[in-house]
Amino acid sequence: MLTRRSLIKSGIVAAAGASGVAVAARLANQYGLIPPDHGGIYGAGETLTYAAQRLLTSRYSLAREFSRSDISKVAPVNGEPPRNDEYQRLFKGNFADWRLMIDGLVVRPSSWSLAELKRLPSSSQITHQACEEGWSFIAEWTGVSLASVLNLAGASRRAKFVVFYPFDFDNNFWDSLDMADAFHPQTLLAYGMNGEELPTRHGAPLRLRVPRQLGYKSVKYLARVSVVDTLENIGNGLGSASPDYGYSWYAGI
């Protein structure tokens with residue numbers, strides 16, 4: 001295990017200059033603390049940010065949860081629902097035929113209807129959603145923990161990431177989490193919001209909720225979840241670690 005003393009030593013070295021950053025990056029790689037977007041002009045900074053977050057914060061540390069009196073009266077939303085024919089067909093049928101595919105490095109590839117997910121043990125959380133654009137709100141989310149579904153599917157020990165594909169994947173939007181955040185107790189596959197069914201513009205029928213990260217990591221309109229050991233060549237040959245929107249792969253807050 002990497003001790004805090006080792007981290008302090010590496011931090012001092014990193015602060016010394018460019019050569020220190022390289023040393024710290026090698027140390028991070030040794031302990032599996034290199035994020036997928038470590039390359040490029042901001043690569044060293046992304047590595048140090050991700051490594052510091054993982055080392056200084058417990059993997060089980062919780063985002064703050066609020067009371068019902070704190071729920072925002074207005075919940076801003078970005079973007080419109082998918083316009084492809086498949087999503088529109090499912091929407092008109094009240095998502096009765098919708099299924100969430102679970103595949104990749106799992107023992108039991110499977111698919112789940114909304115009714116089947118709702119029969120699994122549910123949990124609720126009243127958490128803060130922060131957008132990278134500066135707005136935010138507090139809402140109650142209800143669903144099933146992502147960890148429960150991954151355990152039922154039998155995620156492999158070789159897995160490093162979980163990739164989330166929405167119905168508008170044709171627009172090259174997708175995102176991923178490492179296994180620490182995927183199995184975090186607050187990471188939720190949400191089908192309810194503020195005591196009601198998940199509103200369409202907030203991601204119906206199912207969205208990801210990752211309260212320890214910025215809002216763009218909480219992918220809406222889920223269609224497929226894939227467990228992988230690399231993010232190379234994910235998504236129409238993009239070969240990038242995150243959607244092609246200029247966002248950092250790790251968005252911890």
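**View 1. An open, mixed sheet of five strands, in the order S2-S1-S10-S5-S6.** This is a predicted model, in which local features need pLDDT of at least 70 and side-chain atom pairs count only at pLDDT 80 or more, while totals for chains, interfaces and linings use all residues. Residues are numbered from 1 along each chain as its sequence is written, and side-chain values use heavy atoms, with hydrogens and water left out. Strands (E, at least two residues) and helices (H or I, at least four) are DSSP runs numbered from the N terminus, and two strands pair if DSSP finds at least two bridges between them. At the edges stand S2 and strand S6 (175–178), each with a single partner strand, so one side of each is left without a neighbour in the sheet. From one strand to the next, the twist averages 20°; axes here are lines fitted to C-alpha atoms, for helices over the stretch in contact, with angles running from 0 to 180 degrees between N-to-C directions.

**View 2. Strand S1 and its two pairings, with S2 and with S10.** As background, strands of a sheet pair through backbone hydrogen bonds, either parallel or antiparallel. S1 and S2 run antiparallel and are joined by four bridges; together they make a hairpin with five residues between them. On this side, Ile102 has Ser110 in S2 as its bridge partner. S10 pairs with S1 in the parallel sense, also over four bridges. Here Asp103 stands opposite Ser226 in S10, and Gly104 has Val227 in S10 as its bridge partner.

**View 3. Val106 in the loop between strand S1 (99–104) and strand S2 (110–113).** Leaving aside neighbours within four places in sequence, Val106 is in contact (heavy atoms within 4.5 Å) with Ala153, Gly154, Ala155 and Val227. The C-alpha atoms of Val106 and Ser156 are separated by 5.5 Å, although the two residues are 50 apart along the chain.

**View 4. Ser113 in strand S2.** Ser113 has a relative accessibility of 12% and counts as buried. Beyond its neighbours within four places in sequence, Ser113 is in contact with Trp98 and Arg99.

**View 5. The largest nonpolar core, with 37 residues.** In this legend, a nonpolar core is a set of buried Ala, Val, Leu, Ile, Met, Phe, Trp, Tyr and Cys residues joined through side-chain atoms within 4.5 Å. Trp98, Phe164 and Leu189 have the most contacts inside this core. Two or more residues each come from helix H4 (85–92), S1, helix H5 (114–119), helix H6 (146–153), S5, helix H7 (179–182), strand S7 (188–193) and S10.

**View 6. Aromatic pairs, of which a search of the whole structure finds 11.** Rings of Phe, Tyr and Trp (its six-membered ring) pair if their centres lie within 6.5 Å, and planes under 30 degrees apart count as stacked, over 60 as edge-to-face and the rest as tilted. Phe137 and Trp141 form a tilted pair, with 6.3 Å centre to centre and 45° between the planes. Phe137 counts as buried at 2% relative accessibility, and so does Trp141 at 0%. Phe161 and Trp249 pair edge-to-face, at 5.8 Å centre to centre and 90° between the planes. Phe161 belongs to strand S5 (161–166) and Trp249 to the segment after strand S10 (222–228), so this pair ties together parts that are 88 residues apart in sequence. Both Phe161 and Trp249 are buried. Elsewhere, which residues form one aromatic cluster? They are Tyr87, Phe91, Phe95, Phe167 and Tyr221.

**View 7. The protein chain, with seven helices and 10 strands.** Of its 253 residues, 47% are buried. Among contacts between residues at least 6 apart in sequence, 67% join residues at least 24 apart. The accessible surface of the chain is about 12,800 Å², with 52% belonging to carbon and sulfur atoms (Shrake-Rupley method, 1.4 Å probe; for residues, only the protein chains shown count as cover).

Methods. Buried means under 20% relative accessible area, exposed over 50%, partly exposed in between (1.4 Å probe, protein chains only).
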